[in-house]
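Keep the sequence and the 3D view open side by side.

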Amino acid sequence: MSVSYRQPGVVLTDRRFTVPLDHEDPTGETIELYAREAVASDKADQEDLPWLVYLQGGPGFGANRFVGRQAWLDRALDEYRVLLLDQRGTGHSTPLTRQTLPLRGGPAEQADHLTHFRADSIVRDCETIRPSLTGGAPWTVLGQSFGGFCTVNYLSTAPEGLRAALVTGGLPSLDAHADDVYRAAYPRIERKVAAHYARYPQDVERARRIAEHLLCHEPVLPGGYRLTAEAFQSLGIMLGGSDGSHRLHFLLENAFVRTPQGHELSDAFQEEVQNLLSYAGHPLYALVHEACYGQDARPTAWSAERVRAEFPQFDAAKTIAGDGPLLFTGESIHPWMFDCDPALRPLRDTAELLAARTDWQPLYDPARLAANEVPVAAAVYHDDMYVDATHSLQTARSIRGLRTWVTDEFEHDGVRVGGPRVLDRLIALTRDEA
């Protein structure tokens, strides 16, 4: 039963769907999907509005919870009925966490279960629910980051379901192993850190001081997170967003307070770091992040951790022993996270089994992409910290008719920061192509 309600300028409807857990076994076990339909208040009665389905970045995050006509949604509602889909395993769509995964059994059963939560299954979910919403008509997909990975899978496997495809910061390499992804990522991360220190040179000493303290103490934060120097370095994930450098600076400047026992990490700093580092709200991100790149018999095998060893300048202990600046890291998952984070600790064995898995199926079809007939436009951010621009442009050249907009005006969160303008540009590009 769907329920509708209103926010300023928008009519929202909660929708729930039942889909197969394994689309290769359509009569087997099912799971529930949740999505929120949004339509402009003055268009709510227009039955012929085209649909746009939004595929969130991640993996592991539910769709945006907008209030009214925020960000890109404002532009989308000018002409679309929008479906904000919680991808399977996220939000209200049969969420997977340390609390719910034990319902599947032990680590082996959990790891097997998680193989059904990649881009290919998400796309088949979309195709399963599309006829009930559109009457069978194709719809437009907007894929942000990992949602762009899903969109390229959509173009590879079910292009007949698409009227147009829009991608923001999310054109994946069609054939790169996770090792290739991270070998390209660490130099980009180093550039972002250098740019941060150029903007805030006082943070060089602040970051070194915090790391030195953590190498000696490793405090347990209020929520149970064990804060190591490596965990502190992972706050560099903030540097991929438009305001991330400024937020990191403000965090570092309030790290220490003077107490009767000497200088200690402040309660305010610890509380904020706990919120930034915890995966309690999106554990699926940590579990299947590297699995998103698996496409053959090679295991991902904790790729980000292994490749990091090829870049010794990221070693906090060596940095503190010398006189160089501490390098933060970016969007990468490491085995130690499953020791530090109480939301992940019970899932360590499950994560190990996924990292060792060798039966990944291909996610993209280069031949079908080369013959693509769906209008496609993609925003490629010039020095995106999360998705390599070189990989993205190689893929863009492999998809027939794809129009790119390469820009250094935005970081990875351009669709959030400049949403209406970004979306308007991509829609125009698809119409030019059509």
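**A walk through the model**

Glutamine 87 is buried, with a relative accessible area of 2%. Buried means under 20% relative accessible area, exposed means over 50%, and partly exposed lies in between (1.4 Å probe, protein chains only). This is a predicted model, in which local features need pLDDT of at least 70 and side-chain atom pairs count only at pLDDT 80 or more, while totals for chains, interfaces and linings use all residues. Residues are numbered from 1 along each chain as its sequence is written, and side-chain values use heavy atoms, with hydrogens and water left out.

Stay with glutamine 87. It sits in the loop between β5 (81–86) and α2 (107–114). Helices (H or I, at least four residues) and strands (E, at least two) are DSSP runs, numbered from the N terminus. A polar atom of the glutamine 87 side chain lies 3.0 Å from the backbone oxygen of glutamine 56. Setting aside residues up to four places away in sequence, glutamine 87 touches Leu55, Gln56, Ser93, Ile122 and Phe146. Contact here means heavy atoms within 4.5 Å.

Now move to arginine 98. This residue too is placed in the loop between β5 and α2. Arginine 98 is partly exposed, at 40% relative accessibility. What does arginine 98 contact, leaving aside its neighbours within four places in sequence? The partners are Pro342, Ala343, Pro346 and Leu347. Take proline 346: it is 248 residues from arginine 98 in sequence, yet the two are 6.3 Å apart in space, C-alpha to C-alpha.

Next come the charged pairs. The structure holds 30 salt bridges. A salt bridge is a side-chain nitrogen of Lys or Arg within 4 Å of a carboxyl oxygen of Asp or Glu. One of them pairs aspartate 78 with arginine 69, with the closest N and O atoms 2.8 Å apart. Aspartate 78 is partly exposed, with a relative accessible area of 41%. Arginine 69 is also partly exposed, with a value of 28%.

Another salt bridge joins aspartate 112 to arginine 357, the closest N and O atoms being 3.0 Å apart. This pair links distant parts of the chain, 245 residues apart. Aspartate 112 is in helix α2, while arginine 357 is in the loop between α14 (348–356) and α15 (366–370). Is each end buried or partly exposed? Aspartate 112 is partly exposed, with a relative accessible area of 40%. Arginine 357 is buried, at 18%.

A further salt bridge connects arginine 421 and glutamate 409, with 2.7 Å between the closest N and O atoms. Arginine 421 lies in helix α18 (residues 419–433) and glutamate 409 in the loop between β11 (403–407) and α17 (414–417), so the pair ties together parts that are twelve residues apart in sequence. Arginine 421 is partly exposed, with a relative accessible area of 46%. Glutamate 409 is partly exposed, also with 46%. Salt bridges that share partners also join Arg75, Glu79, Asp424 and Arg431 into one network.

Turn to the largest pocket. Its volume is about 1100 Å³. A pocket is found on a 1 Å grid over the protein atoms alone: it is an open set of points where a 1.4 Å probe fits, with protein on both sides within 12 Å along at least five of seven lines, and lining residues have an atom within 4 Å of a point. Grid points are joined across faces, edges and corners, and a volume is the space filled by probe spheres set on the points. The largest pocket is lined by 36 residues. Nearest its centre lie Phe61, Ile237, Arg247, Tyr386 and His412.

Which helices each supply at least two residues of this lining? They are α1 (71–76), α9 (267–277) and α17. The largest share, three residues, comes from α9. Helix α9 also holds glutamine 270. Glutamine 270 is buried, at 13% relative accessibility. Not counting residues up to four places away in sequence, glutamine 270 touches Val220, Leu221, Pro222 and Leu265.

Finish with the cysteines. A disulfide is a pair of cysteine sulfur atoms within 2.5 Å. By this rule the count is zero. Cysteine 126 is in no disulfide: the nearest cysteine sulfur, that of cysteine 150, is 7.6 Å away. Cysteine 126 is buried, at 1% relative accessibility. Cysteine 340 is buried, with a relative accessible area of 1%.

Terms used
A polar contact is a pair of N or O atoms within 3.5 Å; within protein, one must be able to donate a hydrogen and the other to accept it, and residues adjacent in sequence count only if both atoms are side-chain atoms.
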